[in-house]
Amino acid sequence: MEEYLKELLYNYQHLAYIIIFLWCILEGELALILAGIFAHEGHVNLAMIIFVAGLGGFVGDQIYFYIGRYNKKYIQKKLRSQRRKFAVAHLLLQKFGWPIIFIQRYMYGFRTVIPMSIGITRYSGKKFAFINLISAWVWAAITILLAWFFGEEIWKFVKWAEEHWYYAAILIISFLSLMIFGFKQMEKAILRKRNRT
């Protein structure tokens, strides 16, 4: 698997910036880790890939913000299926204000909901765009630099996971389950607190 990934990185390095940009519009962390590995292997420029990945993350959240602002039918549909998440996002925005734009990138299940929730409000589009851009570059820089710095260790883990896939599967499933459980508990705590007031 390690050799396959390295070969994939080498074969498509000429498209790396475009791939990472588009991937970061849709999703984030895995794309950023791969971008860091690209840079570690010397296939792309570190500063440029951070810049491009940050722009991708920025564009993605801008799309969600303007969906919230101008696509009421879509929002009503989302509200029916994710009412709880929207309620939590609204409460977080009320409590923390603009810093929530930074924090939401690291909150599982909220990356699309929070920008849409902000778009629904009368929050300034220009202010959101400015904070979102800085936030996206910080998010890209932190994750890519970590992946770049620990590039060799990441490859060692990939090799280990390939050889001991059963242990790796247990670790990954346990980590994801713990993370999901943590965010679900946070949601419940926020909503309980609101109901008491």
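Biologist: Which residue follows α3 with a positive phi?
Modeller: This is a predicted model, in which local features need pLDDT of at least 70, side-chain atom pairs count only at pLDDT 80 or more, and totals for chains, interfaces and linings use all residues. Residues are numbered from 1 along each chain as its sequence is written, and side-chain values use heavy atoms, with hydrogens and water left out. Helices are DSSP runs of H or I with at least four residues, numbered from the N terminus. After α3, a phi near 85° belongs to glycine 42.

Biologist: What distance does α3 reach from its first C-alpha to its last?
Modeller: Helix α3 covers residues 29-40, which is 12 residues. The expected span is 1.5 Å times one less than the number of residues. The helix comes close to that expectation, reaching 16 Å.

Biologist: Which residues of α3 are buried?
Modeller: Buried means under 20% relative accessible area, with a 1.4 Å probe and protein chains only. By that criterion, the buried residues of α3 are Ala31, Leu32, Ala35, Gly36, Ile37, Phe38 and Ala39.
The chain has 197 residues, and the share of them that counts as buried is 40%.

Biologist: Which residue has a side-chain oxygen that reaches a backbone nitrogen at the start of α4?
Modeller: Helix α4 spans residues 46-70. At its start, the backbone nitrogen of alanine 47 lies within 3.1 Å of a side-chain oxygen from asparagine 45.

Biologist: Which residue meets aspartate 61 in a salt bridge?
Modeller: A salt bridge is a side-chain nitrogen of Lys or Arg within 4 Å of a carboxyl oxygen of Asp or Glu, and the count by this rule is 1. Here the N to O distance is 3.2 Å. The pair links distant parts of the chain, 44 residues apart, from helix α4 to the loop between α7 and α8.

Definitions and conventions. Helices (H or I, at least four residues) and strands (E, at least two) are DSSP runs, numbered from the N terminus. Buried means under 20% relative accessible area, exposed over 50%, partly exposed in between (1.4 Å probe, protein chains only). A polar contact is a pair of N or O atoms within 3.5 Å; within protein, one must be able to donate a hydrogen and the other to accept it, and residues adjacent in sequence count only if both atoms are side-chain atoms.
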